[in-house]
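Visitor: Could you walk me through how to read the features of this model?
Guide: Gladly; let us look at it together.

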Amino acid sequence: MTDHNDNSYLETDSSNICEVLQILGAKWAFLVLNELLRGPQRFNQLQRNTAVIKTQSLTDTLRHLEQNGLVLRQVFPTVPVTVEYSLTEKGSDFQTALKEMNKWVEKWGKPPQVNGKTSISS
């Protein structure tokens, strides 16, 4: 049985979290991965579906995810060139973590409501 107060456990746990954050990179990575779970998408389609992400940030996020093996960038020799993004097996495997994050935010993400207004305690 592992003692969760053990310092070696905490160091390993923190190290793993840091590694996950390095692999995922930008704050938009979760949103991009979640969107690509719907299936392969071209850049403009992905940009429309993730409207909150600016073009350069989306480009940077896709490059980072591709470099870390989560996203596959496929170029088709059409005129003009068509580029399609999809998840690799590694990227698809992250779906379990995204589902758990979704469960967590459903439980804890929204502040309690009182009489239709957000309750804020000071």
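**Reading the model, one feature at a time**

Guide: Leaving aside residues up to four places away in sequence, Glu-35 touches Gln-41, Leu-46, Asn-49 and Thr-50. Contact here means heavy atoms within 4.5 Å. Before we go on, note that this is a predicted model, in which local features need pLDDT of at least 70 and side-chain atom pairs count only at pLDDT 80 or more, while totals for chains, interfaces and linings use all residues. Residues are numbered from 1 along each chain as its sequence is written, and side-chain values use heavy atoms, with hydrogens and water left out.

Visitor: Where is the place of Glu-35, and is Glu-35 buried or exposed?

Guide: Glu-35 sits in helix α2. Helices (H or I, at least four residues) and strands (E, at least two) are DSSP runs, numbered from the N terminus. For burial, the general idea is relative accessible area: buried means under 20%, exposed over 50%, and partly exposed in between (1.4 Å probe, protein chains only). Glu-35 has a relative accessible area of 6%, so Glu-35 is buried.

Visitor: With which residue does Glu-35 form a salt bridge?

Guide: First the general idea: side chains of opposite charge can pair when their charged atoms come close. The rule used here asks for a side-chain nitrogen of Lys or Arg within 4 Å of a carboxyl oxygen of Asp or Glu. Glu-35 forms a salt bridge with Arg-38, with 3.4 Å between the closest N and O atoms. Arg-38 counts as exposed, at 69% relative accessibility.

Visitor: How many salt bridges does the rule give?

Guide: The count is two. Lys-103 forms a salt bridge with Glu-100, and there the closest N and O atoms are 3.2 Å apart. Both residues, Lys-103 and Glu-100, belong to helix α6 (residues 95-108), three residues apart, about one turn of the helix. Lys-103 counts as exposed at 51% relative accessibility, and Glu-100 as partly exposed at 45%.

Visitor: How many of the 14 residues of α6 are buried?

Guide: The number buried is one, so α6 lies largely in the open. For the 14 residues of α6 that gives 20 Å, and the end C-alpha atoms are 20 Å apart, which agrees.

Visitor: Which residues of α2 are buried?

Guide: They are Ala-29, Val-32, Leu-33, Glu-35 and Leu-36. To see how they are arranged, look down the axis and take the arc of the directions from the helix axis to the C-beta atoms. The buried residues of α2 fall within an arc of 160°, so they line one face of the helix.

Visitor: Which residues are buried in α4?

Guide: In α4, Leu-58, Thr-59, Thr-61, Leu-62 and Leu-65 are buried. Their arc around the axis is only 165°, which puts them on the same side of α4. Just after α4, Gly-69 takes a positive phi of about 80°.

Visitor: Which residues touch the most other members in the largest nonpolar core?

Guide: A nonpolar core is a set of buried Ala, Val, Leu, Ile, Met, Phe, Trp, Tyr and Cys residues joined through side-chain atoms within 4.5 Å. The largest one has 18 residues, of which Val-32, Leu-33, Leu-62, Leu-65 and Val-71 touch the most other members. Two or more residues come from each of α2, α3 (43-49), α4 (55-67) and β3. Helix α2 gives the most, with four residues.

Visitor: How many aromatic pairs does a search of the whole structure find?

Guide: The search finds one. Rings of Phe, Tyr and Trp (its six-membered ring) pair if their centres lie within 6.5 Å; planes under 30 degrees apart count as stacked, over 60 as edge-to-face and the rest as tilted. Phe-30 and Phe-94 make a tilted pair, 5.9 Å centre to centre with 40° between the planes. Phe-30 lies in helix α2 (residues 29-36) and Phe-94 in the loop between α5 (89-93) and α6, so the pair ties together parts that are 64 residues apart in sequence.

Visitor: Which residues does a cis peptide bond join?

Guide: The cis peptide bond joins Val-79 and Pro-80, with omega about -10°. Pro-80 is in the loop between β2 (71-76) and β3 (82-87).

Definitions and conventions. The expected span of a helix is 1.5 Å times one less than its number of residues.
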